[in-house]
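This report covers a pocket and a set of charged contacts. Please have the sequence and the model open while reading.

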Amino acid sequence: MADTTSKTRITEIGTVMVPVSDQDKALEFYTEKLGFEKRSDTPFGDGNRWVEVAPAGAETTIALVQPREGDPIGIELAFGLNTTDIEADHADLKAKGVDVDEEISRMGDPVPPMLMLRDQDGNTLMVVELSE
């Protein structure tokens, strides 16, 4: 078996970046539609803001960032959000008018049920049901 012990002092994933065109609209989507809490909204530099959101109790946050010049918005994000009840979340998201897959993807074991949703800029997020 391969040695999987860490050879670094890095201890966790702290923040993932999501490029957005309008931080106020993004903050509204992530807090009101997804139910995340605002963790930070701090001005810096020449009119910039550092905005972070996260599910209640989560350690890893999502930074809603304005993209660097030339970087795209409306991308497929390479991380998953976990849920304990994908059926309820799917129904809630649809009821709130979120652009969410029409059906939950069920590929069978060992792949958990999942769905994709799109934020106000078309960034695609994956939601995966945790196994019990």
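By class, how many nonpolar, polar and charged residues does the lining of the largest pocket have? The lining has 12 nonpolar residues, six polar ones and four charged ones. The model discussed here is a predicted one.

## The largest pocket

The largest pocket holds about 530 Å³ of space. Its lining is made up of 22 residues. Those nearest the pocket centre are Phe36, Pro55, Leu81, Asn82 and Val127.

Three elements each supply two or more residues to this lining: β4 (61-65), β5 (76-83) and α2 (86-95). The greatest contribution comes from β5, which gives five residues.

## Salt bridges: the count and a network

The structure has eight salt bridges. Among them is the contact between Arg49 and Asp41, whose side chains meet with an N to O distance of 2.9 Å. Asp41 and Arg49 also belong to a salt-bridge network that includes Asp24.

Arg49 has a relative accessibility of 23%, so Arg49 is classed as partly exposed. Asp41 falls in the partly exposed class as well, because its relative accessible area is 31%.

## Glu87 and Arg106

A salt bridge also joins Glu87 to Arg106, with 2.0 Å between the closest N and O atoms. Glu87 is part of helix α2, while Arg106 sits in the loop between β6 (99-100) and β7 (114-118), so the contact ties together parts that lie 19 residues apart in sequence.

Are the two partners buried, exposed or partly exposed? Glu87 is partly exposed, at 44% relative accessibility. Arg106 is partly exposed too, at 49%. The cut-off for counting as exposed is over 50%, so the value of 49% leaves Arg106 in the partly exposed class.

## Asp101 and Arg118

Which residue meets the side chain of Asp101 in a salt bridge? The partner is Arg118, with an N to O distance of 3.2 Å. This pair links distant parts of the chain, 17 residues apart: Asp101 lies in the loop between β6 and β7, and Arg118 lies in strand β7.

The accessibility classes of the two residues are as follows. Asp101 is partly exposed, with 23% relative accessibility. Arg118 has a relative accessible area of 19%. Buried means under 20%, so Arg118 counts as buried.

Key:
Residues are numbered from 1 along each chain as its sequence is written. This is a predicted model: local features need pLDDT of at least 70, side-chain atom pairs count only at pLDDT 80 or more; totals for chains, interfaces and linings use all residues. Side-chain values use heavy atoms; hydrogens and water are left out. On a 1 Å grid over the protein atoms alone, a cavity is a set of points where a 1.4 Å probe fits but cannot get out, and a pocket is an open set with protein on both sides within 12 Å along at least five of seven lines; lining residues have an atom within 4 Å of a point. Grid points are joined across faces, edges and corners, and a volume is the space filled by probe spheres set on the points. Helices (H or I, at least four residues) and strands (E, at least two) are DSSP runs, numbered from the N terminus. Ala, Val, Leu, Ile, Met, Phe, Trp, Tyr, Cys and Pro count as nonpolar, Asp, Glu, Lys and Arg as charged, and the others, Gly among them, as polar. A salt bridge is a side-chain nitrogen of Lys or Arg within 4 Å of a carboxyl oxygen of Asp or Glu. Buried means under 20% relative accessible area, exposed over 50%, partly exposed in between (1.4 Å probe, protein chains only).
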